[in-house]
Amino acid sequence: AAQTVSVGQNATFTVAATGTPAPTYQWRKNSVTLSGATSSTLVLSNAQLADAGAYSVALSNSSGSVVSSAATLTVNAAGQTIAFGALAAKTFGNAAFALSATATSGLGVSFASSNPGVATVTGNTVTIVGAGSATITASQAGNASYLAAVDVPQTLTVNKSDQVITF
């Protein structure tokens with residue numbers, strides 16, 4: 001039967017056959033023999049997009065051979081999420097600081113500031129340029145194997161620095 005899995009999941013195809021003598025099995029993908037795939041079950045571990053295709057099995061014994069109808073394997077890009085924790089409040093005049101976030105895909109996360117008058121972001125470094133608040137958004141656009149992650153926004157509050165008057 002046809003199967004749909006996401007990248008990284010397993011797909012399993014099974015055939016049941018009887019005969020005397022017992023039949024041998026040879027799995028195929030898109031009509032091409034799969035080396036070493038000679039049991040009644042074919043397990044594709046950690047499926048990748050390239051594993052998508054039509055799978056069939058050739059059964060043979062001394063009485064003859066037959067090829068099963070094909071079962072289609074569809075492999076979809078996997079979902080991913082971003083872990084990006086709350087940001088501590090800062091004070092105008094504080095040093096630049098590094099952001100940290102991770103995507104379950106292992107792909108790199110990018111950051112953006114909603115208010116460059118308060119904070120600018122270069123790579124994963126935030127530079128405070130004024131008092132106020134800015135939303136820092138963590139993003140991961142995905143690739144051929146992973147769908148884009150849902151953006152994760154965190155509010156950065158930058159307090160005014162204490163005024164120092166010297167006479």
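The protein chain contains zero helices and 17 strands, where helices (H or I, at least four residues) and strands (E, at least two) are DSSP runs numbered from the N terminus. The model is predicted, with local features needing pLDDT of at least 70 and side-chain atom pairs counting only at pLDDT 80 or more, while totals for chains, interfaces and linings use all residues. Residues are numbered from 1 along each chain as its sequence is written, and side-chain values use heavy atoms, with hydrogens and water left out.

The C-alpha atoms of the protein chain fill a box of roughly 105 × 20 × 20 Å along the principal axes. The radius of gyration, taken over C-alpha atoms, is 28 Å, whereas a compact globule of 167 residues would have a value near 15 Å, according to the rule of 2.2 Å times the number of residues to the power 0.38. Of the 167 residues, 29% count as buried, that is, under 20% relative accessible area with a 1.4 Å probe and protein chains only. Among contacts (heavy atoms within 4.5 Å) between residues at least 6 apart in sequence, 59% join residues at least 24 apart.

Gln48 lies in the loop between strand E5 (41–44) and strand E6 (53–61). Gln48 has a relative accessible area of 30% and is therefore partly exposed, the class between buried and exposed, the latter being over 50%. When neighbours within four places in sequence are left aside, Gln48 is in contact with Val7, Gly8, Val75 and Ser145. The C-alpha atoms of Gln48 and Ser6 are separated by 7.9 Å, although these residues are 42 residues apart along the chain.
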